[in-house]
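I opened my notebook to get to know a new structure. Here is what I looked up, entry by entry.

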Amino acid sequence: MFIEVSVELSGAQILVQSLKDEGVEYIFGYPGGAVLHLYDAIFQQDAVKHILVRHEQGATHAADGYARATGKPGVVLVTSGPGATNAVTGIATAYMDSIPMVIISGQVPSPVIGSDAFQEVDMVGITRPCVKHNFLVKDVTKLAETVKKAFYVATTGRPGPVVVDIPKDITDPNIKVPYKYPKKVTIRSYNPAVNGDKEQVKKAVDLLMAAHKPVIYSGGGVVLGEASKELTEFSQLLGYPITNTLMGLGAYPATDKQFIGMLGMHGTYEANMAMHESDLIIAVGARFDDRVTGKLDMFCPYAKIIHIDIDPASISKTVKVDVAIVGEVKNVLEQMITLIKDHKAKPQKKALEAWWQQIGQWRAVECLEFDRESPLIKPQFVIEQLYAVTKGDAYVTSDVGQHQMWAAQYYKFDKPRRWINSGGLGTMGFGLPAAIGVKLAFPDADVACVTGEASIQMCIQELSTALQYKTPIKIINLNNRYMGMVRQWQEFSYESRYSHSYMDTIPEFVKLAEAYGHVGMRVERPEDVRAALEEAFALKDRTVFLDIITDRTENVYPMIEAGKGHHDMKLRVATGTSTDRELA
Amino acid sequence: MRHIISILIENESGALSRVAGLFSARGYNIESLNVAITEDPSLSRMTLVTSGSEQVVEQIIKQLNKLIDVVKLIDFAENTHIERELMMVKVKTTDHTRNEIRSLAEIFRGKVLDVTASTYVIEVTGPSEKLDAFVAAIAQETILEVVRSGPTGISRGEKGLSL
């Protein structure tokens with residue numbers, strides 16, 4: 001795999017060979033003027049497979065989905081100008097969720113940079129605030145090393161997207177230079193932390209042993225850091241309640257008795273109440289996002305806080321913590337597990353019993369119950385059925401809005417990397433291309449894209465990509481004829497003035513799916529949901545678009561409204577009150 | 001509180017914009033910023049003056065350290081240091097103000113760098129407050145231009161900012 005003997009290659013060949021040597025399986029891209037040399041080099045080999053998308057945003061989300069599902073970096077190739085700017089939404093999406101990606105963008109030839117040339121845009125400048133780092137390649141002899149650096153930066157420490165902007169002359173097929181892909185690179189100014197400070201770890205363990213009302217609050221860092229096994233062992237060793245953030249779902253098995261659900265704005269009653277009443281929070285690879293904390297000065301008022309994170313800048317950014325541990329969560333959890341096992345104290349048995357009893361009372365509120373007698377299809381019911389039909393073992397991607405929250409609440413993820421959604425940036429249009437990326441990585445797995453009729457239209461063109469590369473995914477379109485989450489906020493905060501949260505010309509999705517060469521099905525009655533899902537998943541080699549007509553007035557509960565604390569949740573008032581028959 | 005942060009950064013194109021962009025994107029203050037190459041041509045040294053609560057300054061330092069191009073930095077608020085800023089002031093002169101301005105410049109250990117029939121250019125170097133005091137001491141209506149470098153700083157003794 002590694003070329004030891006130095007050979008002479010053009011810049012275009014160097015890029016492709018570097019990707020090969022880096023072990024890249026797929027690149028997601030779209031050709032154009034500035035990358036024609038590169039596309040010609042791609043054409044002349046077949047080790048790196050190119051997936052042609054229909055819009056560059058789709059390329060970034062597909063690469064992102066691939067990265068989230070596999071843990072390997074996603075790779076994107078776009079041309080200069082509009083190709084580059086179209087990729088920005090996907091780059092920002094990956095940045096906010098710390099997803100390792102390398103984005104290769106073409107640039108106009110070096111001599112004309114800065115002259116407002118055709119399809120010129122300052123990609124390095126535009127992406128600077130939404131990448132971990134970016135490079136402009138000025139010398140073809142530095143290209144291989146720059147690609148290696150890009151992968152190194154993207155995948156180590158707190159991962160993130162890295163852009164490599166390559167002017168067209170750098171890839172000139174007529175200019176050949178010696179090629180050698182570096183085995184290793186070091187960057188003197190970049191040294192991510194590995195292990196946690198021993199003293200801090202000890203302090204944290206002492207606090208853990210003394211806690212009466214502890215809560216483990218874990219986030220996406222555990223998934224990214226491959227620390228799910230360690231988190232599970234750590235939690236079960238202590239016997240403490242554990243809640244996951246939206247990004248952390250699956251890092252701890254959702255079906256386990258210690259799991260108290262997701263926390264935050266649409267978290268469970270028990271998770272949010274436990275956070276509020278807790279005397280010790282241990283945050284593991286989580287970043288105290290505003291959707292998690294609610295109003296900051298009411299956040300965990302009685303708790304001491306321990307925070308484990310690989311990024312020092314995440315610590316005490318919004319919430320001041322008592323014990324900070326900077327390091328890879330996997331290593332820090334291992335350090336803690338060893339200390340806990342050897343510790344002379346054991347968890348406070350009596351206090352813990354009382355704490356679990358209290359949590360049991362909060363659980364008894366059954367905050368996720370919904371109207372099961374409704375003649376309309378309840379979106380929550382669809383997710384429950386999806387969970388049953390896929391035996392809880394599917395990869396589930398989602399778009400952004402109500403359907404995303406319902407998928408997070410009702411699909412019980414037991415494994416990491418199964419739940420794939422845009423948490424930080426909240427990018428509508430993410431789900432479909434992401435599902436294609438996942439399916440390419442795991443062709444034998446069930447891949448479902450839970451979406452809504454508004455989100456799906458943001459990247460609908462990727463249905464064409466799904467056909468071309470035979471990625472049979474199942475699109476679960478919770479069609480409520482509203483931008484549901486916008487409508488919900490308008491109902492709660494704007495006296496139901498539904499300003500532009502409704503579209504009165506929604507396409508016939510069944511026909512649309514068929515036009516793209518897929519199977520379309522429309523489901524209108526609750527009793528047909530199960531059979532439709534079974535039929536869709538039985539069609540192993542077809543992409544199926546399930547257009548499920550749901551109760552359009554359904555809201556996501558519980559909800560912490562903006563400016564409120566964890567203990568101040570809006571719960572469903574009573575079941576069966578939210579059907580709006582007239583509009584349905 | 002005012003903080004002077006001195007940064008060693010890779011001498012690469014765009015490095016300055018990464019720092020400036022970080023400050024504008026996150027809403028941090030920049031009072032002044034200067035940058036120039038060091039004895040090692042691969043490194044630039046930047047001196048940045050900012051202000052904010054302790055929590056904000058802590059975040060600024062962490063965010064700066066997170067930039068891949070930043071090699072090392074030091075916050076002078078935590079170290080004894082020497083601070084110098086250079087200023088040039090162009091003033092209008094007449095026959096009977098010339099002497100007064102020159103003696104004022106001498107009090108501030110300033111130098112007259114350029115003389116014409118109707119102007120002086122005076123150089124003053126020192127901590128920023130001294131420069132403020134000099135500007136305040138000259139008759140305001142005589143000032144034509146003021147240009148300041150922004151402070152640069154270096155720590156005292158063996159402790160400092162180097163690789």
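What is the order of the strands in the open sheet of 6 strands in chain A? I read S16-S15-S17-S18-S20-S19, with parallel pairing. I kept two terms at hand: helices (H or I, at least four residues) and strands (E, at least two) are DSSP runs numbered from the N terminus, and two strands pair if DSSP finds at least two bridges between them.

A note on the source: this is a predicted model, where local features need pLDDT of at least 70, side-chain atom pairs count only at pLDDT 80 or more, and totals for chains, interfaces and linings use all residues. Residues are numbered from 1 along each chain as its sequence is written, while chains are lettered from A and ligands numbered from 1 in the order in which they are written.

Then I turned to S17(A) and S18 (474-479) of chain A, which pair in the parallel sense over 5 bridges. Here I found A:Cys449 opposite A:Ile475 in S18(A).

My last entry is on helix H18 (484-493) of chain A. Which of its residues are buried (20 or more other C-beta atoms within 10 Å of their own, C-beta atoms being placed from the backbone)? I noted A:Gly484, A:Met485, A:Arg487 and A:Gln488. They sit on the same side of H18(A), because they cover an arc of only 160° around the axis (taken from the directions from the helix axis to the C-beta atoms). After H18(A) comes A:Glu495, with a positive phi near 45°.

Conventions. Buried ≥ 20, exposed ≤ 12 C-beta atoms within 10 Å, placed from the backbone.
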